[in-house]
Amino acid sequence: MSEQTPLALKKIEALITASPESSVVMEIDPKTTTEILSERNAGNRPPKPNKVQQFAADMANGKWGLTGDTIKFGNDGRLLDGQNRLSASIRAGTPFKTHVVFGIDPNLFGRMDIGKPRNAADVLHIAGFKYATTLAAAIR
């Protein structure tokens with residue numbers, strides 16, 4: 001990491017290596033979110049543009065708060081949950097405060113967000129298929 005590396009990113013890298021047992025409240029800036037999404041977001045479903053837009057508007061208008069929702073990292077360093085919130089921070093050009101959890105077993109990824117079902121396009125995208133939305137529609 002260079003001297004230009006944001007402090008939040010340095011802290012995240014350290015906590016991935018030595019995961020605490022509880023969440024850590026952090027302010028995450030757009031530069032850090034860009035790095036996380038480009039380097040640690042492999043194998044996730046595609047972002048939800050409407051959610052990103054909604055979250056970004058709230059962040060830009062000062063209506064975003066510390067909700068208790070978490071950004072989750074696997075013990076392998078991969079982002080497991082939070083890509084829409086991170087994308088919204090980039091879109092809004094503003095940092096946001098959030099709980100961050102580290103050290104999650106990546107094998108539990110399929111158990112996350114089960115209250116918000118993954119659709120066929122999500123499953124196909126995660127499996128590595130291109131044009132997952134079109135493919136899911138064709139299969140339907």
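Lys72 stands opposite Asp81 in β3. This pair belongs to a predicted model. Lys72 itself is found in strand β2. The two side chains also meet: that of Lys72 makes a polar contact with that of Asp81, at 2.8 Å. Beyond Asp81, Lys72 touches Arg78, Leu79, Leu80, Val101, Ile104 and Met112, with residues up to four places away in sequence not counted.

β2 and β3 run antiparallel and are joined by 2 bridges. Phe73 stands opposite Leu79 in β3. The two strands form a hairpin with 4 residues between them. In the turn, Gly77 has a positive phi of about 90°.

β2 is mostly covered, with 5 of its 5 residues buried. Thr70, Lys72 and Gly74 point one way. Ile71 and Phe73 point the other way.

On its other pairing, β2 meets β4 in the parallel sense, over 4 bridges. Here Ile71 stands opposite Val100 in β4.

## The sheet

What is the order of the strands in the sheet? The 4 strands run β1-β4-β2-β3 in an open sheet, and the pairing is mixed. β1 and β3 stand at the edges, each with a single partner strand, so one side of each is left without a neighbour in the sheet. From one strand to the next, the twist averages 40°.

Helix α2 packs on this sheet and touches β1, β2, β3 and β4. The direction of α2 makes about 105° with that of β1.

## The nonpolar core

The largest nonpolar core has 22 residues. Ile12, Met26, Phe73, Leu86 and Phe102 touch the most other members. Helices and strands both contribute: α1 (7–17), β1, α2, α3, β2, α4 and β4 each supply at least two residues. α1 gives the most, with 5 residues. In general, nonpolar side chains of soluble globular proteins tend to be buried together.

Leaving aside residues up to four places away in sequence, Phe73 touches Ile12, Ile16, Ile36, Val100, Val101, Phe102 and Ile104, among others. Its contacts also include Arg40, Arg78, Leu79, Leu80 and Gly103.

## Helix α4

Is helix α4 enclosed or open? 7 of the 10 residues of α4 (residues 83–92) are buried, so the helix is largely enclosed by the rest of the structure. The buried residues are Gln83, Asn84, Arg85, Leu86, Ser87, Ala88 and Ser89.

Asn84 lies in α4 and is buried, with a relative accessible area of 14%. Which residues does Asn84 touch, not counting those up to four places away in sequence? They are Pro47, Lys48, Lys51, Val52 and Phe55. Just after α4, Gly93 takes a positive phi of about 70°.

How values were computed: Residues numbered from 1 in each chain as written. Predicted model: local features only at pLDDT ≥ 70, side-chain atom pairs only at ≥ 80, totals over all residues. Heavy atoms only, no water. Buried < 20%, exposed > 50% of the residue type's maximum accessible area, 1.4 Å probe, protein only. Pairing = 2+ DSSP bridges. Axes fitted to C-alpha atoms, helices over the stretch in contact; angles between N-to-C directions. Contact = heavy atoms within 4.5 Å. Core = buried A, V, L, I, M, F, W, Y, C linked by side-chain atoms within 4.5 Å. Polar contact = N/O pair within 3.5 Å; in protein donor to acceptor, adjacent residues only side chain to side chain.
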